[in-house]
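Here is a briefing on one protein model. It is arranged by topic, for quick reading.

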Amino acid sequence: MMVGSIYALIAMGVAMIYGVMNVPHFALGAKAMLGGYVAFFMTAFFHQAYGLALVGSVVALALLGLGVERWIFRPIAKAPGINSFISAFGLLLVFENFALIAFGTAYRRILSPYDRQMIQIFGANLTMQRLLVVIVAVVLMVALHLFIKYTTLGAAIRAVAQNRRGALLCGIHTERIAGITMAIGSGLAGIAGALIGPLAMVYPTMGDALIVKAFVITILGGMGSIIGAIVGGYILGLIEALGAMYISVDYKDAFAFAVLVMVLAVRPQGLFGKPHR
């Protein structure tokens, strides 16, 4: 459940950005890593509360997302799609190498008051940090769903995702919507990194596995589908947990791809995707 929540948060960002901008944002995993470092430095060096560090990670990564959209992706919006593909992959390398140079290769643990507090649920002992990950993730998922479905700005995001040219003809500022979408997706990645940091620690390449799983989930749920990203995240987390428990932890990463192949063989557009005509 906890792992699925982290996967779902990042996959939601991938799905939103792809749906609105048609950009496979490979650097979102690296942004989760940067969000983890923001939380680490806020708690370890500036002695801020962990809750404030979570907010700081969201704000810092949302601002970074605005800058990335404005100065990296907006100038190449009308260029061939391969340009965005290469730019997104290049950003992944830039962020990771920046972290390696600035912070080194050491593993760092985010200080959280909930990491050592235990709670018992249905006979299972869990740390409060794991429960906090699930609670925060669910709250963010519900909030994002309500925002997209019931607000004017959310309607504009849906319009651009469905038909960018039609939205532009209706007077929607598509570039502004793209910036907002990138900020939201980056903020989700930032808080995912800050939430997982007290449990798995923070290091420069921690985002690699996260972004691979996020893309598996996005394809599994349906490209551009936020609901698909949420459901796919929990499905993948459950499959990994059961596979590690009953088969072997050595093959837990392979289970995800096996399920992806089986689902796409039956439903190529993913669980919640719409078939292309």
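Predicted model: local features only at pLDDT ≥ 70, side-chain atom pairs only at ≥ 80, totals over all residues.

Residues are numbered from 1 along each chain as its sequence is written, and side-chain values use heavy atoms, with hydrogens and water left out. Helices (H or I, at least four residues) and strands (E, at least two) are DSSP runs, numbered from the N terminus.

- H1 spans residues 2-21. Its 20 residues reach 29 Å from first C-alpha to last, close to the 28 Å expected at 1.5 Å a residue. The expected span is 1.5 Å times one less than the number of residues.
- H1 is mostly covered, with 17 of its 20 residues buried. Buried means under 20% relative accessible area, exposed means over 50%, and partly exposed lies in between (1.4 Å probe, protein chains only).
- H2 has 17 residues and reaches 24 Å between its end C-alpha atoms, close to the expected 24 Å.
- Of the 17 residues of H2, 14 are buried, so this helix is largely enclosed by the rest of the structure.

**Packing of H1 with H9**

- Two packed helices are described by the angle between their axes and the distance between the axes. Axes are lines fitted to C-alpha atoms, for helices over the stretch in contact, and angles run from 0 to 180 degrees between N-to-C directions.
- H1 and H9 (residues 207-221) pack at about 70 degrees, with their axes 8 Å apart. H1 and H9 are therefore roughly perpendicular. The classes are roughly parallel under 35 degrees, roughly antiparallel over 145, roughly perpendicular from 65 to 115, and oblique for the rest.
- The crossing of H1 and H9 is right-handed. A crossing is right-handed if the near helix is turned clockwise from the far one by less than a right angle, and left-handed if anticlockwise.
- On H1, the contact uses Ile-6, Tyr-7, Ile-10, Ala-11, Val-14 and Ala-15. On H9, it uses Leu-210, Ile-211, Lys-213, Ala-214, Phe-215, Ile-217 and Thr-218. Contact means heavy atoms within 4.5 Å.
- By class, the H1 contact with H9 has 11 nonpolar, 1 polar and 1 charged residues. Ala, Val, Leu, Ile, Met, Phe, Trp, Tyr, Cys and Pro count as nonpolar, Asp, Glu, Lys and Arg as charged, and the others, Gly among them, as polar.

**Packing of H2 with H3**

- H2 and H3 pack at about 140 degrees, with axes 8 Å apart. The two helices are therefore oblique to each other.
- H2 passes H3 in a right-handed crossing.
- H2 contributes Lys-31, Leu-34, Gly-35, Val-38, Ala-39, Met-42 and Thr-43 to the contact. The H3 side includes Tyr-50, Leu-52, Ala-53, Gly-56 and Ser-57.
- The residues of the H2 contact with H3 divide into 11 nonpolar, 5 polar and 1 charged.

**Positive phi in loops**

- Just after H1, Asn-22 takes a positive phi of about 60 degrees. Asn-22 is in the loop between H1 and H2 (28-44). With 52% relative accessibility, Asn-22 is exposed.
- His-47 has phi near 55 degrees, a positive value in a residue other than glycine. His-47 lies in the loop between H2 and H3 (50-73). His-47 is exposed, at a relative accessible area of 66%.

- Glu-69 lies in H3. Glu-69 is buried, at 3% relative accessibility.
- Thr-174 is found in H8 (residues 174-200). Thr-174 is buried, with a relative accessible area of 8%.
- Ile-172 sits in the loop between H7 (164-169) and H8. The C-alpha atoms of Ile-172 and Val-266 are separated by 37 Å, at 94 residues apart along the chain.
- Leu-126 is in strand E2 (residues 124-127). Leu-126 is partly exposed, at 30% relative accessibility. Leu-126 and Asp-115 are 11 residues apart in sequence and 9.7 Å apart in space, C-alpha to C-alpha.
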